[in-house]
Amino acid sequence: RGAMSRPPAVDVRGVTYAYPDGHAALRDLDLIIEAGERVAVLGPNGSGKTTLVRTLLGLLPPVAGRIVFPAARPRFGYVPQRDAVDLNFPLRAIEIVLMGRYGRIRPGSRPTEADLQAASEALTEVGSADLADRPFAALSGGQRQRVLIARALAGDPQVLVLDEPTTGMDLPSERAMLDLVASFLRRDLAVVMVSHQLGAVADYATDLCLVAGTEHPVSVGTRAELLTSERLTRIYGQPVTFPFSF
C-alpha cells in the first residue's frame, strides 16, 4: 500500500488476544483501516474472525499490542448476525432503528425530532422506508438485515462493522446487500465485513484480512495477493480452486 492520503480510522499494531486459559485466539495482528475502505475479514469458521471484531470494538482488551485512533476513538456502528437478534420484543422497524441513537439520547429523555429524522433517513438510505411501521419480527431475513444496518447508520458511525451480512441469503439478495454496502463509500465510511463466504464478499472489498487461526499468521492485502489456490488450500485444509470451487 502506498502513502496514505488521510489518517487511518483504526490502526491495529501487533495485537494479540488470548482466552483466560492462555490460549491465543489472535496473534500479532497489524491492520490499518482507512475512511472509505471496505475491509473483508475472511476465514473458516472458528478461525478468529469474531475475536478480531470484538477486539476492534473494544469488547476484548488485547494482551499485547495496541489499537491506535487518530485523535479520538471513532464512532462504531455494529451490525450483528441477524439470527442473534431477539425477536420476542414487539417492536416496529423504526423503533429498532432508533436504538442506534441511544448513545445520543440523555438518560430519561425521549427521542427528539432530530433522532426520529436520523432514523427515518437511515431507513431510506438502506431502501426500506416502507418498512418503518411494520413489526420487526414479521420481516423477512433480508429486510431485518437492512433494518439492522439502518440502526447502525442512525448513529452516524465512522466505522461500520458487519458480522456475516449475507448469511442465509439467496444469490440475488446477497448481491443486493453487498451493492448496498458498496454504496456507503459516498459516506466516507470505513467498512469492515466479516464473512466465511470468500467468493461473495471478496469482490466488494478494497482490502482483505485473511484470518486462519493461530497456526497461520493473519494476512492483510489485496484480493490478488491473498486469494491464491495455494494459500487457501493450506488454510482450509482441502483443495480450493478458482472461482472458489471447494
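Buried means under 20% relative accessible area and exposed over 50%, with partly exposed in between (1.4 Å probe, protein chains only). Welcome to this predicted model, where local features need pLDDT of at least 70, side-chain atom pairs count only at pLDDT 80 or more, and totals for chains, interfaces and linings use all residues. Residues are numbered from 1 along each chain as its sequence is written, and side-chain values use heavy atoms, leaving out hydrogens and water.

Start by selecting residues 113-125, which form helix α3 (helices are DSSP runs of H or I, at least four residues, numbered from the N terminus). Now colour Asp-115, Ala-118, Ala-119, Ala-122, Leu-123 and Glu-125, which are buried in α3. They sit on the same side of α3 because they cover an arc of only 160° around the axis (the arc is that of the directions from the helix axis to the C-beta atoms). Turn to the other side of α3 to find Glu-113 and Thr-124 exposed.

Next, show α2 (93-98), α4 and α5 (171-182), against which the buried residues of α3 pack.

For the last stop, select Arg-146 in helix α4 (residues 141-154). What lies 2.6 Å from a polar atom of the side chain of Arg-146? Look for the backbone oxygen of Val-126. Beyond neighbours within four places in sequence, Arg-146 is in contact (heavy atoms within 4.5 Å) with Val-126, Ser-128, Ala-176, Met-177 and Leu-180.

Notes
Helix = DSSP H or I, 4+ residues; strand = E, 2+ residues; numbered from the N terminus. Polar contact = N/O pair within 3.5 Å; in protein donor to acceptor, adjacent residues only side chain to side chain. Expected span 1.5 Å × (residues − 1).
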